[in-house]
Amino acid sequence: MALKEKAQAFAVKKALEYMDKDPETNIPKLLDWFDAFDIKGTLAGQRKAVRQVVENPDSNWYKLVMSLWQDIDPGVRDTLFENFVINAALLGYQRQCENREKYNCNIPWAILMDPTSACNLHCTGCWAAEYGNHMNLTYEEMDNIVTQGVELGTYVYLFTGGEPLVRKKDIIRLCEDHPDCVFSTFTNGTLIDEAFADEMLRVKNFVPAISIEGFEEATDSRRGDGTYQKIIRAMEILKRKKLPFGISCCYTSANAEVIGREEYFDYMVELGAKFAWFFTYMPVGKGAVTDLIAKPEQREMMYHKIREYRSTKPLFTVDFWNDGEYVGGCVAGGRYYCHINANGDIEPCAFIHYSDSNIREKTLLEAYRSGLFMGYHDNQPFNENMLRPCPVLDNPVRLTALVEKSGAKSTDYQNLESAKEFSDKCEEAAANWAPVADRLWCSCGKGCIRKDIKLN
């Protein structure tokens, strides 16, 4: 860390310590200091959003922020704040920007990686259910990924799978060996027990996002009988030990109405969730059913519901499809994140199983400058309508063109599926969503748009 970065880190750490003493009184006082600290205006949007929150103590956002002091272990909270604010948001983001300009490629804010392809469940519509325990990243490989990532400015690492907690010991070891990073996982939650929660308390830089498909009937229908109750037990353990956690929700044609209900959001808050990631079902793999793709009216319903609850519920929510307007479209291909599977293949997205690079043969930077990733870099956004961000579910021909031009190969373990075969399964859904998305885009004040952009 350079001298300037050390000085910035020290200043922010002291500010956080000051905030801890009396958050309601001291957080507003720190805003002017942060305004002066962000000389280049890199975080102007974020600072404005924070100011709006702390100046309205009756808002749901204010209640969420204050709950972090009421509900979360102080040591865990302070570690995560330091790693997010100092490393990921300030130092890391500045380093990412510098390297993006230096190398003329995307540098991600976060990296997703699969420690293993193994899973203890067999969920409907999940490609990992078919893979089995055939692929694993070694600890040394995962450690090397984090080391390379930090050098480029990436301090956030999320584990996917498979079920990542099959590799509990190695995940905790990574948290120990990289205490300056934030680690999270998308997990089915069934392997979280008292002992693992105690390990989380010890390392302080790990936050799970538990997959839950609605209430008991909806969850068990996709994930298996008894899964819901195991998830509830895991959440109870985490809440009791004052550990932060969130939820991960995949809305499909079968459960969108359940996930979009106000009662569901209220119950997740009651259980202790502080954030929620929302995804829509993707028919990944040759055996994937297309009937589970959310219908246009369901996706529109989630668009409206999540925006409504953001102004009323103390829960931080992100919808990775319907929030494209806030992040400029697709965030994959290293623009904000990328994915490394359990075989070491470096993929643009957790849902895009094509690659022209492997961590065992290339560095991260070499992968970011590969044909496939540069295709993402040069062609994002894939549609001028940011509510149609995805190069496959919303713009099927875009993925096919990117993969074929780069020579990327299918990384599916069992049944190789061409990009065209995958894209063809999404054509009807894309066509049905397009007029709805265009109507929403025009009505939200963005103006009517040209629907297609020429591929570079």
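This is a short tour of one protein model, from the whole chain down to single residues.

Start with confidence. The model is predicted. Average pLDDT for the protein is 89, and 86% of the residues score at least 70. One stretch needs care. Over residues 449–456, pLDDT stays under 50. The model still gives that stretch 23 contacts beyond four places in sequence. Where pLDDT is low, predicted coordinates should not be read in detail.

Now the overall build. The protein has 456 residues, and 58% of them count as buried. Its elements are 20 helices and 11 strands. Take the contacts with a separation of 6 or more: 72% of them join residues 24 or more positions apart. The accessible surface is about 19100 Å². Carbon and sulfur atoms supply 53% of that surface.

Next, two helix pairs. Two packed helices are described by the angle between their axes and the distance between the axes.

Pair one is H7 with H8. H7 covers residues 139–152, and H8 covers residues 168–177. Their axes come within 11 Å and cross at roughly 35 degrees. The crossing is right-handed. Which residues make the contact? From H7, they are Tyr139, Met142, Asp143 and Val146. From H8, they are Asp170, Arg173, Leu174 and Asp177. By class, that contact has 4 nonpolar residues, 4 charged and no polar.

Pair two is H9 with H11. H9 is residues 194–203, and H11 is residues 227–240. Here the axes come within 10 Å, again with a crossing angle of roughly 35 degrees. This crossing, too, is right-handed. On the H9 side we find Glu194, Ala197 and Met200. They meet Ile237, Leu238 and Arg240 in H11. The classes here are 4 nonpolar, 2 charged and no polar.

Asn104 sits in the loop between H5 and E1. For background, most residues other than glycine have a negative phi, and most peptide bonds are trans.

Stay in that loop. Pro108 is there too, between helix H5, residues 74–103, and strand E1, residues 110–113. Why does Pro108 count as buried? Because its relative accessibility is 0%, and buried means under 20%. What surrounds Pro108? Beyond its neighbours within four places in sequence, Pro108 contacts Gln96, Thr154, Gly334, Tyr336, Tyr337, Cys338 and Tyr368. Gly333 is 225 residues away from Pro108 in sequence. In space, the two are 8.1 Å apart, C-alpha to C-alpha.

Last, the cis peptide bonds to look at. One runs from Gly161 to Gly162, with omega near 20 degrees. Gly162 lies in the loop between strand E2, residues 156–159, and H8. Another joins Gln380 and Pro381, with omega about 0 degrees. Pro381 belongs to the loop between helix H17, residues 371–379, and helix H18, residues 396–406.

To recap: 58% of the residues count as buried, and residues 449–456 have pLDDT under 50. Thank you.

Note on methods:
Residues are numbered from 1 along each chain as its sequence is written. This is a predicted model: local features need pLDDT of at least 70, side-chain atom pairs count only at pLDDT 80 or more; totals for chains, interfaces and linings use all residues. Side-chain values use heavy atoms; hydrogens and water are left out. pLDDT is the predictor's confidence in each residue, from 0 to 100. Contact means heavy atoms within 4.5 Å. Helices (H or I, at least four residues) and strands (E, at least two) are DSSP runs, numbered from the N terminus. Buried means under 20% relative accessible area, exposed over 50%, partly exposed in between (1.4 Å probe, protein chains only). Accessible areas come from the Shrake-Rupley method with a 1.4 Å probe; for residues, only the protein chains shown count as cover. Axes are lines fitted to C-alpha atoms, for helices over the stretch in contact, and angles run from 0 to 180 degrees between N-to-C directions. A crossing is left-handed if the near helix is turned anticlockwise from the far one by less than a right angle, and right-handed if clockwise. Ala, Val, Leu, Ile, Met, Phe, Trp, Tyr, Cys and Pro count as nonpolar, Asp, Glu, Lys and Arg as charged, and the others, Gly among them, as polar.
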